[in-house]
Amino acid sequence: MRIDVISLFPEFVAQCAGFGVVGRAQERGLLALHGWNPRDYAEGNYRRVDDRPFGGGPGMVMLIDPLRACLQAARAADPTPAHVVYLSPQGQPLTQAKVRELAGRERLVLLCGRYEGVDERLVQAEVDEELSIGDYVLSGGELAAAVVVDAVARLQEGALNDAESAAQDSFEDGLLDCPHYTRPVEHALGKVPDVLLSGNHADIARWRRMQALGRTFLRRPDLLDPATLAPADRRLLDEFLARQGGEPGAGT
Ligand code: ADE
């Protein structure tokens with residue numbers, strides 16, 4: 001997969017992507033990351049990339065032409081057609097389902113805005129979709145682009161060492177992940193739950209599912225409507241809540 005990042009600070013995204021799973025994915029040739037700076041395509045002595053907004057108000061807006069020339073150069077660097085994503089707080093929320101969809105594409109261009117954003121005419125003409133990484137405002141799209149690169153890179157075939165780990169991630173089945181424990185069994189901070197030491201794989205899977213359901217219900221009720229759960233999952237959720245001392249039947 002190829003990802004081109006268009007940013008006034010392309011090195012920032014490249015640095016973020018240099019470590020761990022994403023760094024390894026690049027070394028393994030699973031991901032090729034390229035940075036492009038619109039300032040290199042700006043005219044004049046000052047290489048201006050922004051100007052004041054029409055209609056007044058604070059901040060600056062990124063100019064069409066340097067961005068457009070930069071985007072054209074990025075597109076032309078490889079014959080593979082690119083899906084262009086603009087990172088902004090006005091975009092659709094990034095979800096694991098969206099990450100899976102992006103990860104399946106051959107080529108992405110990630111467009112990072114700074115200041116108040118980019119001229120809307122460029123967005124309309126060149127951008128395929130606008131994505132947000134959350135309901136908060138960053139000072140630029142670079143951190144959001146780094147988030148997309150990371151989430152997409154780890155889903156590339158061969159990026160993770162344990163083939164199972166992506167499938168077991170939070171959100172892959174619409175639920176939060178269950179808690180995890182490692183050695184020592186006994187610690188001043190507590191003991192590992194007995195079931196995880198039992199060696200009974202069915203019991204362990206059942207316990208993990210129950211924890212995932214319970215945590216999702218308590219922490220992210222927006223993700224889980226008990227009324228739509230399969231009967232077996234509903235029983236697990238009820239059991240979780242009963243064990244918690246929560247209201248019995250709250251999961252029904
Ligand atoms: N740029 C600034 N804030 C952002 C956000 N929340 N998501 C994506 N890009 C952004």
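A polar contact here is a pair of N or O atoms within 3.5 Å; within protein, one must be able to donate a hydrogen and the other to accept it, and residues adjacent in sequence count only if both atoms are side-chain atoms. Keep that in mind for the first stop. You are looking at a predicted model, where local features need pLDDT of at least 70, side-chain atom pairs count only at pLDDT 80 or more, and totals for chains, interfaces and linings use all residues. Residues are numbered from 1 along each chain as its sequence is written, and side-chain values use heavy atoms, with hydrogens and water left out.

**The ligand.** Now show the backbone: a polar backbone atom of Tyr 136 sits 2.8 Å from a ligand nitrogen. For Gly 134 the corresponding distance to a ligand nitrogen is 3.1 Å, and for a backbone N or O atom of Leu 138 it is 3.0 Å.

**Two helices.** Next, select α4 (residues 96–103) and α6 (residues 142–153); helices are DSSP runs (H or I, at least four residues), numbered from the N terminus. Their axes, lines fitted to C-alpha atoms over the stretch in contact, come within 9 Å and cross at roughly 75°. α4 is therefore roughly perpendicular to α6 (65 to 115 degrees, between N-to-C directions on a scale from 0 to 180). Show side chains for Val 99, Leu 102 and Ala 103 of α4, with Val 148, Ala 151 and Val 152 of α6: these make the contact (heavy atoms within 4.5 Å).

**Last stop.** Pick Arg 234 in helix α8 (residues 231–243).

Notes. Angles under 35 degrees count as roughly parallel, over 145 as roughly antiparallel, 65 to 115 as roughly perpendicular and the rest as oblique.
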